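Subject: Handing over the two-chain model

Hi,

Here is the structure I promised to pass on to you. Please open it first, and then read my notes below.

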Amino acid sequence: MNYTFIVKVENKPGVLNRVSSLFRRRNFNIESLAVGRTENPDVSRMTIVVDCPNGDVDAHKLEANLYKLVNVIDVQDVTRQPSVTRDLALIKVKVGPERRAEVNGLADIFRAHIVDVAPDSVIVEITGTEDKIEGMIELLRPIGIMEMVRTGQISMTRGALDGVRRMPGTVGSRYDDIMDLAEMMP
Amino acid sequence: MKLKGAEIVWECLVREGVEVVFGYPGGANMPIYDAMLNYPIHHVLVRHEQGGAHMADGYARASGKVGVSMATSGPGATNLVTGIATAMMDSVPVVFITGQVAAHLIGGDAFQEIDVTGITLPITKHNYLVTRADEIAETIREAFYVAKSGRPGPVLIDICKNAQVESCEFIYPAEVELSGYKPVMHSPRPLLDEAVKLIEKAKRPVILCGHGVIMSKAEEELMQFAVKTQTPVANTLLGLGAFPASHELNLGMMGMHGEVHTNLAIQNADLILAFGMRFDDRVTGTLKTYAPKAKKIHIEIDPAEVHKNVFADVPLVGDLKTVLRDMIPLLDEYDHDEWKQEISKWRSEADARSIMNWPEDGKLYVAHLIGDIWKASGGGAIVTTDVGQHQMWTAQYYQLEAPNRWITSGGAGTMGFGLPSAIGAWFAAKDQEIWAVAGDGGFQMTAAELTTAVQEGANVKVAIMNNNFLGMVRQWQEFFFEKRYSAVNMRTPDFVKLAEAHGVPARRVTSRDEVDDAIEWARKTPGPVVLEFKVEQEDAVYPMVPAGAALHEMLQRPVKQ
Ligand SMILES: Cc1ncc(C[n+]2csc(CCOP(=O)(O)OP(=O)(O)O)c2C)c(N)n1
């Protein structure tokens, strides 16, 4: 199952490399990783989607290992938290004037935008959840996708809610989570 | 005060209390070596950077302080790699300082430019690339803090040449401020209560004492805990010495070459108290059948070790000393007499097979020799080992009464570790007797450091257990590959001549009646000494839990007719 983590790290050179190297070293599979600046110039924020075949046991392992990195400030698991999740895709569709209206119509349904028009292609920009984007791609595929790029998922929890922090000693961690984990271990 | 970067390096090292640095110069760290002449820190010129890394490691383990090792860029730094990984696997605090090409040349494949922070990223606790002089002070301060706090480990600082020669205002930061890195000290009270409840119920408890006890300097607390609850103490390879071997609650070493009664106690326990250890495969055997009846309480500073191999019913993340201090007042007293008697019974059955009870047959057995060295040194020496059969025999038979005297490469199992780590330890404890026990194979990996020992007058006694085999590999081939010996038969140089060529007095011992005299001679001769023992070639280390077998499925020494 895919888990989503929000990871805050110090904004220093090489930190992305440390994080991705850790995932490789500990044998985790990254589905997507998006990183960027935040409201605080000293902090970068990553949204990492990871395949965790053993569920919460893996999630625990991953969080604990992230905290081994000196530059990691905070890790939250937002997989089951109410949160806003977005991905952005640019899709270049091979389409001449005769079928442009059809693409336009699809874009409207998905609240996507045509952001570039060339004689035999258009670029569609779509934001939304993974599912929504996949849905749009399915419908555009028969028309002819020439090129596609995606940012990877970014997430933010709703309102004042935080994600789950499993690590003892970290801000707001809940020790009962560790005890819950007890039930799940093999 | 305006200083050059290279001077700032030494200013900081002096303030960190560094007494000795093990290193090797080259193009990219020459400014640091030039500035060194003005500072009161002793530099040991090693013969290979790997030796320098192991010396800093041995120094750290013997002193409880942070070791420091230096190398130049490129091949100098890559020669450190084995030593860095060795320190990493055993959580030893060492700061490595390497020179790097000037910042503006980075990425251009300049002479001796190698991506050292890249290479060492997975084998350091943390590393830094310093490109400007004004980053040096803060980085060194931080590096020492990171190396020794939390779960200790090696930290590498790669300093560009321009940063060494440029000048800036020297400000030594008063404190280290890291926004994310904050090792946990205390475990929460509700979890402590859970642990106490399990301890109350236990009838067959065992403490597993790991390296963390020594790292956290929690020997005193371990003793109080064990005595108050009358819980027997088993040791990991690196936990040896944290609890006195002669104590009635001491069980000795657990695991692959652990003692029979110790492994049986673990397999039959109803409560495992794991103190600062990480359930390495060498101590658990197959996990499927590991301590099947036991609840587990795991006290560990690194949250990533909790639930990693063995599920902990009560995980107590925190500094061991602190957690034990919090917990001891909550405990009742117990006697566990029945349990202790049961273990004693296993112990006496196993003792009958011990090689120590063999009649003399004139041959030299490593186990006996370790016993001889133990007797001669009154059990009080610092003992380092290389890796292989002799390492296990030393662990089994050099009975340790105190911590920080047992220096061996556990997690990495790095051959070549014995001699250099002993030299490093000597700088931490110059008045103490020091023995380095090595096999003929491993000794040859770093033998060049003999001349370092001579140059420094390091008072280390080297015992080479020469079986003309890569003994441990030979043993595995004997047991698990139908005795098909492949690449283990080893011709050795004349170790006596080799030692003497380095200026080290040496003797070869081929028979039982020369042993005591040779050991006494080595102890009385000042400075480094080499003893070569021509030992029984095809002896095997027992007991042995074959890799992947259950912990109680031990091969035992055949009874001698
Ligand atoms: C650097 C390194 N290379 C290879 C090994 C694999 N290895 C483990 S024990 C051993 C044999 C060691 O032989 P020797 O030093 O003669 O000691 P003995 O086992 O005979 O006591 C080998 C080759 C290792 N641990 N380290």
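This is a predicted model: local features need pLDDT of at least 70, side-chain atom pairs count only at pLDDT 80 or more; totals for chains, interfaces and linings use all residues.

Before the sheets, a word on pairing: two strands pair if DSSP finds at least two bridges between them. Helices (H or I, at least four residues) and strands (E, at least two) are DSSP runs, numbered from the N terminus.

Residues are numbered from 1 along each chain as its sequence is written, chains are lettered from A and ligands numbered from 1 in the order in which they are written, and side-chain values use heavy atoms, with hydrogens and water left out.

**Domains**

Domain bounds come from an automatic or database domain assignment. For chain A this gives domain 1 (2–81 + 162–184) and domain 2 (83–150), with 32 Å between their centres, taken over C-alpha atoms. Chain B is split into domain 1 (2–169), domain 2 (189–349) and domain 3 (354–534).

**Two sheets in chain B**

One open sheet has six strands with parallel pairing, in the order S3-S2-S4-S5-S7-S6 of chain B. Its edge strands are S3 and S6 (126–130) of chain B, each pairing on one side only. From one strand to the next, the twist averages 20° (axes are lines fitted to C-alpha atoms, for helices over the stretch in contact, and angles run from 0 to 180 degrees between N-to-C directions). Four bridges join S2(B) to S3(B), and Val20(B) stands opposite His42(B) in S3(B). Helix H4(B) lies across S4 (67–71), S5 (94–100) and S7 (155–160) of chain B, at about 165° to S5(B).

The other open sheet, also in chain B, has the six-strand order S11-S10-S9-S12-S13-S14, again with parallel pairing. Strands S11 (250–253) and S14 (314–317) of chain B each have a single partner strand, so one side of each is left without a neighbour in the sheet. Neighbouring strands here are turned by 15° against each other on average, direction ignored. Three bridges link S10 (residues 233–235) of chain B to S11(B), running parallel, and the partner of Val233(B) in S11(B) is Asn250(B). Helix H11 (residues 260–268) of chain B packs on this sheet, touching S9, S10, S11 and S12 of chain B; contact means heavy atoms within 4.5 Å.

**Where the parts meet**

How much area do chain A and chain B bury between them? About 2,100 Å², 66% of it on carbon and sulfur atoms; buried area is the accessible area (1.4 Å probe) that two parts lose on being put together, summed over both. In contact are 23 residues of chain A and 24 residues of chain B. There is one salt bridge between the chains, where a side-chain nitrogen of Lys or Arg must lie within 4 Å of a carboxyl oxygen of Asp or Glu. Asp302(B) forms this salt bridge with Lys68(A), the closest N and O atoms being 2.4 Å apart.

Inside chain B, domain 1 and domain 3 bury about 1,800 Å². Arg47(B), Met55(B) and Arg61(B) supply 31% of the area that domain 1 buries there, more than any other three residues. The count of salt bridges between these two domains is zero.

Happy browsing!
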